[in-house]
Amino acid sequence: MQISIRYFTTLREITNKKEEKLTFPENQEPTISLVLKMLTDKYGKPFTEYVFDPEGKIKSILQLLINGTNITTLKLQKTPLQEGDVLAILPPVSGG
């Protein structure tokens, strides 16, 4: 099973990528938590500090979307992922 991760702004700089694909064994049911752990292990402290607050929770200023749907309307970090899903990690949006 394969999913895509899309990065924007600072995460593009941290990962040096706009997008990457992660592959999971067929018998594994990945969740947002598992993906974020894999990315934390891969990209280390800069990724961790950008995505998580000091208590280990996803920073509320970030938006995580699965195929365009915010995970807050799903099962948050427990949201299961399916073949071909796209996880976008969006930075805070400001305007005026």
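**Group meeting: rings, sheet and salt bridges**

Let's start with the rings. Y7, Y43 and F47 are linked by ring pairs into a cluster. A pair here means Phe, Tyr or Trp rings (for Trp, the six-membered ring) with centres within 6.5 Å; planes under 30 degrees apart are stacked, over 60 edge-to-face, the rest tilted.

A word on the source. This is a predicted model, where local features need pLDDT of at least 70 and side-chain atom pairs count only at pLDDT 80 or more, while totals for chains, interfaces and linings use all residues. Residues are numbered from 1 along each chain as its sequence is written, and side-chain values use heavy atoms, with hydrogens and water left out.

Back to the rings. How many aromatic pairs does a search of the whole structure find? Two. In the pair of Y7 and Y43, the ring centres are 6.4 Å apart and the planes stand at 80°, so this pair is edge-to-face. Y7 sits in strand β1 (residues 2–7) and Y43 in helix α2 (residues 32–51), so the pair ties together parts 36 residues apart in sequence. Helices (H or I, at least four residues) and strands (E, at least two) are DSSP runs, numbered from the N terminus.

Y7 and Y43 are both buried. Buried means under 20% relative accessible area, exposed over 50%, and partly exposed in between, with a 1.4 Å probe and protein chains only. The pair of Y43 and F47 is tilted, with 6.2 Å centre to centre and 35° between the planes. Y43 and F47 are four residues apart in helix α2, so about one helical turn separates them. Y43 has 15% relative accessibility. F47 has 0%, so F47 counts as buried.

Now T15. T15 belongs to helix α1 (residues 9–15). T15 is buried, at 5% relative accessible area. Not counting residues up to four places away in sequence, T15 touches Y7 and Y43; contact means heavy atoms within 4.5 Å. The T15 side chain also reaches the backbone oxygen of L11, at 2.8 Å.

Next, the sheet. In what order do the five strands stand? The order is β2-β1-β5-β3-β4, in an open sheet with mixed pairing. Strands pair if DSSP finds at least two bridges between them. β2 (19–23) and β4 are at the edges with a single partner strand each, so one side of each has no neighbour in the sheet. Strand β3 (residues 63–66) and β5 run antiparallel, joined by four bridges. There, L65 is opposite A88 in β5.

T79 is in the loop between β4 (69–70) and β5 (86–90). Is T79 buried or exposed? Buried, at 5% relative accessibility. Neighbours within four places in sequence aside, T79 contacts P30, T31, I32, I71 and L74.

Last, charges. Salt bridges come to six, each a side-chain nitrogen of Lys or Arg within 4 Å of a carboxyl oxygen of Asp or Glu. E19 pairs with R6, with the closest N and O atoms 3.1 Å apart. That pair links distant parts of the chain, E19 in strand β2 and R6 in strand β1, 13 residues apart. E19 is partly exposed at 34%; R6 is partly exposed at 36%.

E20 and K42 meet in a salt bridge at 2.7 Å, N to O. E20 is in strand β2 and K42 in helix α2, 22 residues apart. E20 is buried at 7%, whereas K42 is partly exposed at 45%.

Within helix α2, D41 and K37 lie four residues apart, about one turn. Their salt bridge has its closest N and O atoms 2.9 Å apart. Finally, salt bridges with shared partners join R6, E19 and K21 into one network.

Notes:
A polar contact is a pair of N or O atoms within 3.5 Å; within protein, one must be able to donate a hydrogen and the other to accept it, and residues adjacent in sequence count only if both atoms are side-chain atoms.
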